[in-house]
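Let's take a friendly walk through a protein model and see which parts touch each other. Keep the picture in view as you read.

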Amino acid sequence: MSETEPTTSEATSATDGADAATPSRRPGRERGRDDGKFGRYGGQYVPEALMPAIEELTDAYRRYVLGNEDGFMDEFRERLADFGGRPTPLQRADRLSERYDLEVYLKREDLLHGGAHKLNNALGQVLLAKYMGKERIVAETGAGQHGTATAMAAAHLDMPCEIYMGERDINRQRPNVFRMKLNGAEVNPVTAGRGTLKEAISETMRDWATTVENTHYVIGSVVGPHPFPVMVRDFQAVISEEAREQSIEKAGGLPTDVVACAGGGSNTMGAFAGFVDDEAVALHAVEAGGSTLEVDEEAGVAPNSASLYAGDEGVLHGARTKLLQDSDGQIMESHSISSGLDYAGVGPELAYLVDEGRVNPVAVDDDAALEGFHRLSRTEGIIPALETAHAFGFLEEHHEELGERVVVNVSGRGDKDLDAAIEETDKRDIAEAPDMSMFTGGI
Amino acid sequence: MARVPETGNSEAIAAAFADGPAYIPYLAVGDPDEESSKAYVEALDRGGADVIELGLPFSEPIAEGSTIQGALVRALDAGMTPDRFFAFAEEVEVEAPLVCMTYYNLIYQYGSGEARSASDASGETASTGPRPFVERAAAAGIQGLVVPDLPAEEADPLREACDEFGLDLVFIVAPTTVDDRLDRIMSQVSGYVYVQARLGTTGARSDVSDQTTESLDRLREYDVPKAVGFGISAGEHAERIVAGGADGIIVGSALVDIVAEGVEDDLSTAEVADRLEALSRELKAGAERGYAARVEAAESR
């Protein structure tokens, strides 16, 4: 961002809260809308068969999302409120505030219908598909959170829905498979490769290449070809639009820091979008450091998913971005204790914001994330998703470097992760954790 | 009036379309191992290949169906890399010109290892771009590239590198490609245009789609050879497609299926090579019958 651009936070923070919440000029908020380019990142690297669908979608995004044609955005907001339960609260975390001697606020996306921020995007895209006259929804899912959100939105809007999910993830996330089926979605196992998220994305793209004329692909994060990264960001931006207003009203001003976990980056961009133009607000993207940041080139395995922190520029799933890859350009198998962060790429806008120095990428390892999981559960009565727990691992490790008012995005609740949390806790010695050994025998 | 593309960069590829229909087979290099793969590619050449497309395996081949995806996984598991691929292209004994089919990330990353260690020292961002790959491909005798995840809009750097080193850059036209995109693609294409016979990913089918005929009609005004691919598996398909106006046929999955059967049934390399050669002869003969029928129809008109 150039220094000549006005810093809207300074221009407006002196006036009253309502003006500060709706500043007139927000260039960062609109980045990429025209051409899908974020500096060197982004673009549309897709097979020719998909290009017309991508162009049709770009046109629909402009008309309905940006232009509110036929009242699309009005209906979207109304459904997010009535079906989704928005706005979600911004809650002061009393114990954490005391522990770190900071004002810690929690943006409670875990209270959104479905238990995670994912519905913001899924509902937006399924509704858009309906406005576009599409008759069928396909989506990929890794941990199952995006799949369940899409299945819920599709049931709510009466659209047939098929979800592609890696076979290994199906075995790891059975309750989410049930939830999707209960909502009437078909779940197609993907056996190719290692059977996780990136194979599921590739397989969904293949389905879409065959059925593009009547089908919309609801991508689950700010990844993929333009217009997906901007469109998903715009649907998720409701998180930071609310949080910005709530922080001004409730906490007496803008936060000094916003913290969000980052896998593909949809909750991250959702939590950051409204603050990108407030240059005084520091933005921290917390990635999964896994077991180590070292990579095994020979085996093609990166035991982490820290593509912002440790990745290199490349092209994957339709966009140029930062990736975990070997020196030939083959995509590596990523790893994280939380399957929702387990992805070798990241949204192109985040890659850009990191290069620009606007977003601070940090890696938090499995151990620190699990400790964060127990700390939030015990001290605040909120069991976070293992993805979200990384943000609390960051808070513990880096609180001394932060300003006085910190907003942490609680991207999802942890009910889906109980099996994994019990198993992983039993392997470690965590001070704040209860003894889980009685559960690991399999009940 | 559509822009008429200039003659392609590769004379060998232009010659392949010069008299009669071009038979263009595809195999994944290194499937299931380098030695067998070499024998298989040489069998395609004996079977009458006019151009041979060699697949350089990428870990996320989003445009491929399960057959070719399986082949790419076998090749990767057996250790295929871009450098081994180029060595293969140098060693394989064939007369047909070679075209490399791969995904953009491998092209973009080629040589990045050295660039990155150099940039670590200088403190600048490593950015190699497509040029080192194309330079190496040219040195290995590769005559053209097909990159299924690179649309015409993003292709300028690769197109420039191809022009510099004399390679053709082949683009795919789909049944869903609208007319203004067609112009954009045709302004970037060289060598031949890959006409996708139907929607979807690669894979052998028994029928020949109406979408093929429509696509060929739309491309008629462009003066560049049109090779039809996706789903061709038998001589009579080849015959019908060439009779319908195609200048060439591209066959992948039907050949890869033979390699896969060889793996499953534990057949000898020679046995698999014989089958590949036999199917190649059938496809080539079919294409030639189709061409003869077309010439005859034109003369009687």
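Two residues are in contact if their C-beta atoms, placed from the backbone, lie within 7 Å. Keep in mind that this is a predicted model.

With that cut-off, which residues is I249(B) in contact with, leaving aside its neighbours within four places in sequence? They are P21(B), Y23(B), I24(B), A227(B), V228(B), I232(B), A238(B), I241(B), V242(B), L283(B) and A287(B). I249(B) also belongs to the largest nonpolar core, which has 225 residues, and together with L27(B) it touches the most other members. Helix α3 (residues 51-66) of chain A gives this core its largest share, eight residues. Both domain 1 and domain 2 of chain A supply at least three residues each to the core.

Now for those two domains. Chain A is divided into domain 1 (45-83 + 118-232) and domain 2 (90-114 + 237-439), and their C-alpha centres lie 23 Å apart. Their contact takes 32 residues from domain 1 of chain A and 27 residues from domain 2 of chain A. On the domain 1 side, the elements that give two or more residues include α6 (118-131) and α10 (197-211) of chain A.

The chains meet as well: 35 residues of chain B are in contact with 28 residues of chain A. On the chain B side, α5(B) provides the largest share, five residues.

Here is the make-up of two of these touching sides:

Key
Residues are numbered from 1 along each chain as its sequence is written. Chains are lettered from A and ligands numbered from 1 in the order in which they are written. This is a predicted model: local features need pLDDT of at least 70, side-chain atom pairs count only at pLDDT 80 or more; totals for chains, interfaces and linings use all residues. Domain bounds come from an automatic or database domain assignment. Helices (H or I, at least four residues) and strands (E, at least two) are DSSP runs, numbered from the N terminus. A nonpolar core is a set of buried Ala, Val, Leu, Ile, Met, Phe, Trp, Tyr and Cys residues joined through C-beta atoms within 7 Å. A residue is buried if 20 or more other C-beta atoms lie within 10 Å of its own, exposed if 12 or fewer, and partly exposed in between; C-beta atoms are placed from the backbone.
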